[in-house]
Amino acid sequence: VYSVEQQRVWWVDDQNVVVNSYLVSGRANTPRPGHYNVFSKSRHTTSLNGSSRMEFMVRFTWGNSAAIGFHSIPVNRRGQPLQSEAELGQYRSAGCIRQRYADAAGLYDFAQVGTAVVVVK
């Protein structure tokens with residue numbers, strides 16, 4: 001479950017038990033509330049313009065020009081993060097949902113292709 005307004009993610013298991021929750025950084029009003037499913041995953045990926053890279057991408061919907069998913073905080077070509085972990089919980093993204101590295105790795109393992117993703121306000 002991802003709350004756009006709260007900038008928070010909850011992992012919910014098959015028994016409807018919350019097993020993890022943490023702050024993230026996405027974009028205001030993106031994506032729209034609804035029910036989605038993970039449709040692809042990539043261990044490593046880059047931004048559309050190639051200026052940054054991120055890890056543990058878990059895609060679940062589409063924006064205007066690219067897939068939207070959960071991933072680690074991106075780093076620039078010099079390896080510097082585009083935001084700090086202290087800034088999680090604030091809107092910082094062009095559309096995807098940024099996570100701490102450890103949370104991104106954990107979600108990558110937790111959410112398999114087909115896993116439900118519920119986006120709420």
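How do the residues of the lining of the largest pocket divide into nonpolar, polar and charged? There are ten nonpolar, eleven polar and three charged residues, where Ala, Val, Leu, Ile, Met, Phe, Trp, Tyr, Cys and Pro count as nonpolar, Asp, Glu, Lys and Arg as charged, and the others, Gly among them, as polar.

The model is predicted: local features need pLDDT of at least 70 and side-chain atom pairs count only at pLDDT 80 or more, while totals for chains, interfaces and linings use all residues. Residues are numbered from 1 along each chain as its sequence is written, and side-chain values use heavy atoms, with hydrogens and water left out.

**Pockets**

A pocket is defined on a 1 Å grid over the protein atoms alone, as an open set of points where a 1.4 Å probe fits, with protein on both sides within 12 Å along at least five of seven lines; lining residues have an atom within 4 Å of a point. Grid points are joined across faces, edges and corners, and the volume is the space filled by probe spheres set on the points.

The largest pocket has a volume of about 600 Å³. Its lining comprises 24 residues, of which A66, A67, A94, G95 and C96 are the closest to the centre. Strands β5, β6 and β7 (67-72) each contribute at least two lining residues, and β6 gives the largest share, with four. Strands here are DSSP runs of E with at least two residues, and helices are runs of H or I with at least four, numbered from the N terminus.

The second largest pocket has a volume of about 340 Å³. Of its 19 lining residues, V1, V12, F110, T115 and A116 are the closest to the centre. Two or more residues come from each of β2 (8-12), α1 (101-110) and β10 (116-120), the largest share being the four residues from β2. By class, this lining has 15 nonpolar, two polar and two charged residues.

**Strands**

Two strands pair if DSSP finds at least two bridges between them. Strand β5 (residues 40-46) runs antiparallel to β6 (residues 52-62), and six bridges join them. In this pairing H44 stands opposite E55 of β6. The hairpin of β5 and β6 has five residues between the strands, and G50 takes a positive phi near 75° there.

A separate description applies to the open sheet of five strands, which has the order β3-β2-β1-β10-β4 and mixed pairing. Its edge strands, β3 (18-23) and β4 (34-37), each pair on one side only. Strand β1 (residues 2-3) is parallel to β10 and joined to it by two bridges, with Y2 opposite V119 in β10.

**Salt bridges**

A salt bridge is a side-chain nitrogen of Lys or Arg within 4 Å of a carboxyl oxygen of Asp or Glu. The count by this rule is three.

| Salt bridge | Closest N and O atoms |
|---|---|
| E55 and R43 | 2.3 Å |
| E87 and R92 | 2.9 Å |

For accessibility, buried means under 20% relative accessible area, exposed over 50%, and partly exposed in between (1.4 Å probe, protein chains only). R43 is partly exposed at 33%. E87 is partly exposed at 23%, and R92 is partly exposed at 37%. In the remaining pair, R100 is partly exposed at 31%, whereas D103 is buried at 8%.
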